[in-house]
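Reader: Could you take me through this structure, stating the cut-off behind each term as it comes up?

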Amino acid sequence: MKFRRSGRLIDMTHYFLQNPQRLIPLTYFADKYKSAKSSISEDMGIIKQTFEQQGVGTLLTLPGAAGGVKFIPKASKEEAKEFVNELCEMMESPERLLPGGYLYLTDILGNPRVVNKIGRLFASVYANRKIDVVMTVATKGIPLAYAVAQFLDVPVVIVRKDSKVTEGSTVSINYVSGSSKRIQTMLLAKRSLETGSNVLIIDDFMKAGGTVNGMISLLEEFQATVAGIGVLVESEDIEERLVDEYISLVKLTDVNVREKQIGIKEGNYFTHL
């Protein structure tokens with residue numbers, strides 16, 4: 001079927017948005033639209049320019065017989081600022097306070113629009129790094145991990161606190177919880193991670209960083225490399241942080257249960273853009 005140029009542009013744009021980080025040969029589009037490669041290259045130039053002007057991302061062209069074009073998702077600083085401010089407003093609501101000073105985040109982590117935006121913001125920072133898998137710990141970090149993995153086009157591996165017969169043999173470690181100082185156990189199925197993988201750790205909330213530090217120790221058992229650490233919320237009032245290198249979207253600065261007040265400000269995300 002022969003496409004008009006307007007049709008090609010719309011269809012190609014949709015394809016790139018649905019297939020981020022995937023290398024696509026020019027011949028794929030040339031055969032699909034029955035068009036010359038020169039015409040396809042001109043179309044991609046238009047799409048690339050539009051993506052960059054709108055802050056959606058960019059198209060990366062790789063030359064050679066094994067080359068092609070790849071869509072790299074990005075989020076502009078202006079878009080990220082607006083969204084992080086929105087997150088801060090959402091989290092400052094007094095209704096989020098739970099007994100013990102905990103915050104209710106389930107509605108945020110269950111909102112596809114919000115989770116998708118969080119995924120794109122993290123993917124923007126790590127788009128140019130070598131990432132093989134995204135790792136998180138069950139359970140609340142799972143939707144965030146999948147959102148980030150979608151934009152990076154990599155699989156997700158889930159660390160659990162107990163073994164499941166459906167996952168086969170596992171590797172387990174003991175770690176010290178950063179906040180409670182208790183010894184806990186986490187494990188990962190042997191088949192879920194290849195030796196030497198580059199892993200991006202994603203979590204929903206970090207206090208002292210004990211859980212994240214445990215995942216780092218678990219990765220050492222697989223001889224894997226930590227390519228980055230991203231957390232949605234970090235707690236500021238911590239005497240000793242067990243993790244140094246990480247990116248956070250928002251920071252919990254204060255919780256006053258008696259006055260029902262929550263202090264939230266932007267995290268260190270914008271220092272890494």
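Reader: In the hairpin of β1 and β2, which residue takes a positive phi?

Author: In this predicted model, local features need pLDDT of at least 70, side-chain atom pairs count only at pLDDT 80 or more, and totals for chains, interfaces and linings use all residues. Residues are numbered from 1 along each chain as its sequence is written, and side-chain values use heavy atoms, with hydrogens and water left out. Strand β1 (residues 57-62) pairs with β2 in the antiparallel sense over six bridges, where strands (E, at least two residues) and helices (H or I, at least four) are DSSP runs numbered from the N terminus, and two strands pair if DSSP finds at least two bridges between them. Five residues lie between the strands of this hairpin, and the one with a positive phi, near 100°, is Gly64.

Reader: Which residue in β2 is the bridge partner of Thr58?

Author: The strands β1 and β2 run antiparallel. Across that pairing, the bridge partner of Thr58 is Ile72.

Reader: Which residues form the covered face of strand β7?

Author: In a regular strand the side chains alternate between the two faces of the sheet. The uncovered face of β7 holds Thr170, Ser172, Asn174 and Val176, whereas the covered face holds Val171, Ile173 and Tyr175.

Reader: Which elements give two or more residues to the lining of the second largest pocket?

Author: A pocket is, on a 1 Å grid over the protein atoms alone, an open set of points where a 1.4 Å probe fits, with protein on both sides within 12 Å along at least five of seven lines, and lining residues have an atom within 4 Å of a point. Leu17, Gln18, Pro20, Val56, Phe71, Pro73, Asn116, Arg120, Gln150 and Phe151 line the second largest pocket. The elements that give two or more residues to this lining are α1 (5-18), β2 (68-73), α6 (112-126) and α7 (142-152).

Reader: Is Glu234 buried or exposed?

Author: Glu234 lies in strand β10 (residues 225-235). Among the residues it touches, not counting those up to four places away in sequence, are Arg241, Tyr246 and Lys251, a contact being heavy atoms within 4.5 Å. Buried means under 20% relative accessible area, exposed over 50%, and partly exposed in between, with a 1.4 Å probe and protein chains only. Since its relative accessible area is 2%, Glu234 is buried.

Reader: Where is Gln223 placed, and is it buried or exposed?

Author: Phi of Gln223 is near 55°, a positive value in a residue other than glycine. The place of Gln223 is in the loop between α8 (210-221) and β10. With a relative accessible area of 60%, Gln223 is exposed.

Reader: What is the omega of the cis peptide bond from Ala138 to Thr139?

Author: Most residues other than glycine have a negative phi, and most peptide bonds are trans. Thr139 is found in the loop between β5 (133-137) and α7. The bond from Ala138 to Thr139 is cis, with omega near 15°.

Reader: Which residues does Ile118 contact, leaving aside neighbours within four places in sequence?

Author: Ile118 is one of the residues that touch the most other members of the largest nonpolar core, which has 46 residues; such a core is a set of buried Ala, Val, Leu, Ile, Met, Phe, Trp, Tyr and Cys residues joined through side-chain atoms within 4.5 Å. With those neighbours set aside, Ile118 is in contact with Phe83, Leu87, Leu144, Leu232 and Leu249.
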